[in-house]
Amino acid sequence: MDVQNERRRLLDAEGGDEDPTGLMSEQDAYLSKVKNKMLYLATFVSVLGPMSFGFVLGYSSPALPELSRITNPRLQLDDVQASWFGSIVTLGAAAGGLLGGWMVDKIGRKLSLMFCSLPYVFGFTIIIAAQNVWMLYMGRVLTGLASGVTSLVVPLYISEMAHEQVRGMLGSCVQLMVVLGIMGVYLAGLFLDWRWLAICSSIPPTLLMVCMCFMPETPRFLLSQGKRREAEEALRFLRGPDAPVEWECARIEDACDEQGSSFQLSDLKDPGVFKPLVIGIMLMICQQMTGINAIMFYAENIFEQAHFKESDLASVIVALIQVVFTGVAALIMDKVGRKVLLIISGVAMAISTTAFGVYFYLMSKRHGELGVEPHVDLAWLALASIAIFITGFALGWGPIPWLVMSEIFPVKVRGFAGAICVLTNWGMAFIITKSFQDMMSLLTSAGTFWLFASSCIFNVIFTMAFIPETKGKTLEQIEATFRGTSGP
């Protein structure tokens, strides 16, 4: 009771008579004094990491056609080498997830973010200076490693800085900047060759490293290290001069004290650790099993079959759809909630992948009957399926798994659990990318996409049954939900 009285006193000390009825909760009273300007600035700086990550993912699309027909025989890529140039990033990213999990606990969120910009810059520098195929591979592995660290650290950094009113919106900016980076590199690829494209791609990580020098460490990490004064300074920077940050500091400190300081493997028996870890791993598996990589792989071919000659421009259009609807998801995330968007997203993708299967089935049937290529009159079905799928993915299963991953783990296991989730995501991405052609041969094109449709239906059922709604809750309240107690 003394703790509650002390919190109330801290709020009242700066409250004036803004709430004469006394009906405003402690949380609302605190948030009414918060200014978000510096929080938005810190978020913008940190999401230069995901933008760099988007540049890495998108780089292979405009670069591969050039590298496949380049005159220098030491740099020219055949089909197998081109496949590895595209997919080796996922192996680097899986390793980066493990490295990031160790780094965030040892040196903190801020320094991890600054250090991850180095392999981005070194990787792109090696690609720029490449004299043979192995240098290209090395550059892609290094940029992949940085991408893996980024995909763990940035969602964590944002979720630990942001308060519950804007955490969903700011957390969704991670995926928004990834797709913005992909679209940016596609657009730049229309005008630049592969070396200049690599030079441009090294600009965002350089800015990230410089700008992060002026941003704070997250208050939750500082408090977990027993650095109360630095945590209050970080909160004052993020919440503005009028917010009584001692109140938020006390609330976070209570949760840290309740958990204990360091992670042990025996903690995995605790439902407050075990349940969110299983949910995090399943979210990553479900995200990759939607078939996003397959759809993106097929996008250019489908545009060509629809007699859309500018396949480069088609890639930009696909990326633009992703950017627009990921932006929409960010704006409505804290109003609609994570769970509703995941369900809508899963239903949209199930419908579109089913339609894709029908498209491929009808194409193969016509081809078998007529012995000729199908007419363009089925192209509308493929184009509509792509548009619906990408819209659905961008609204839910694109941004939300990363957001929820950053929200549900207790402070002491965020590094370990985040590393497992990132490793799962990138491992699944590699397996699906490399086995996709075998799946197409074994199950046929139609069967493969119907398998993805089944996965999307499973995603909807899993969401409804097991994923908790985190909208409007503090990180401490979310942790308490899994522990079966009431949060601070």
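This is a predicted model: local features need pLDDT of at least 70, side-chain atom pairs count only at pLDDT 80 or more; totals for chains, interfaces and linings use all residues.
The chain has 488 residues, of which 56% are buried. Its secondary structure consists of 21 helices and zero strands. Among contacts between residues at least 6 apart in sequence, 81% join residues at least 24 apart. The accessible surface amounts to about 20100 Å², and carbon and sulfur atoms account for 66% of that area.

The mean pLDDT is 84, and 86% of the residues reach 70 or more. Residues 13-23 have a pLDDT below 50, and in the model this stretch has six contacts beyond near neighbours in sequence.

The cysteines come next. A disulfide is a covalent bond between the sulfur atoms of two cysteines. With a cut-off of 2.5 Å between sulfur atoms, the count in this model is zero disulfides. Cysteine 286 illustrates the result: the closest cysteine sulfur belongs to cysteine 456 and lies 9.4 Å away, so the two are too far apart for a bond. Cysteine 286 is buried, with a relative accessibility of 2%. Cysteine 200, by contrast, is partly exposed, with a relative accessible area of 27%.

Charged side chains are paired in several places, and the model contains 13 salt bridges. One of them joins aspartate 242 and lysine 35, with an N to O distance of 3.7 Å. This pair connects distant parts of the chain, its members being 207 residues apart. Aspartate 242 is in the loop between α12 (228-239) and α13 (245-259), while lysine 35 is in the loop between α2 (26-31) and α3 (37-46). Aspartate 242 is partly exposed at 40% relative accessibility, and lysine 35 is likewise partly exposed, at 44%.

Glutamate 233 is partly exposed, with 42% relative accessibility, whereas arginine 229 reaches 55% and counts as exposed.

What is the setting of the salt bridge between arginine 109 and aspartate 105? The N to O distance in this pair is 3.8 Å. Arginine 109 is buried, with a relative accessible area of 1%, while aspartate 105 is partly exposed at 31%. Both residues also belong to a network of salt bridges that links Asp105, Arg109, Glu160, Arg414 and Glu479.

The surface also carries a nonpolar patch. Leu187, Leu190, Phe191, Leu313 and Ile317 form this patch, and together they have about 460 Å² of accessible area. Phenylalanine 191 is exposed, because its relative accessible area of 69% is over the 50% cut-off.

Terms used
Residues are numbered from 1 along each chain as its sequence is written. Side-chain values use heavy atoms; hydrogens and water are left out. Buried means under 20% relative accessible area, exposed over 50%, partly exposed in between (1.4 Å probe, protein chains only). pLDDT is the predictor's confidence in each residue, from 0 to 100. Contact means heavy atoms within 4.5 Å. Helices (H or I, at least four residues) and strands (E, at least two) are DSSP runs, numbered from the N terminus. Accessible areas come from the Shrake-Rupley method with a 1.4 Å probe; for residues, only the protein chains shown count as cover. A salt bridge is a side-chain nitrogen of Lys or Arg within 4 Å of a carboxyl oxygen of Asp or Glu. Patches are made of residues with over 30% relative accessible area and no salt bridge: like charges are joined within 9 Å, nonpolar side chains (Val, Leu, Ile, Met, Phe, Trp, Tyr) within 5 Å.
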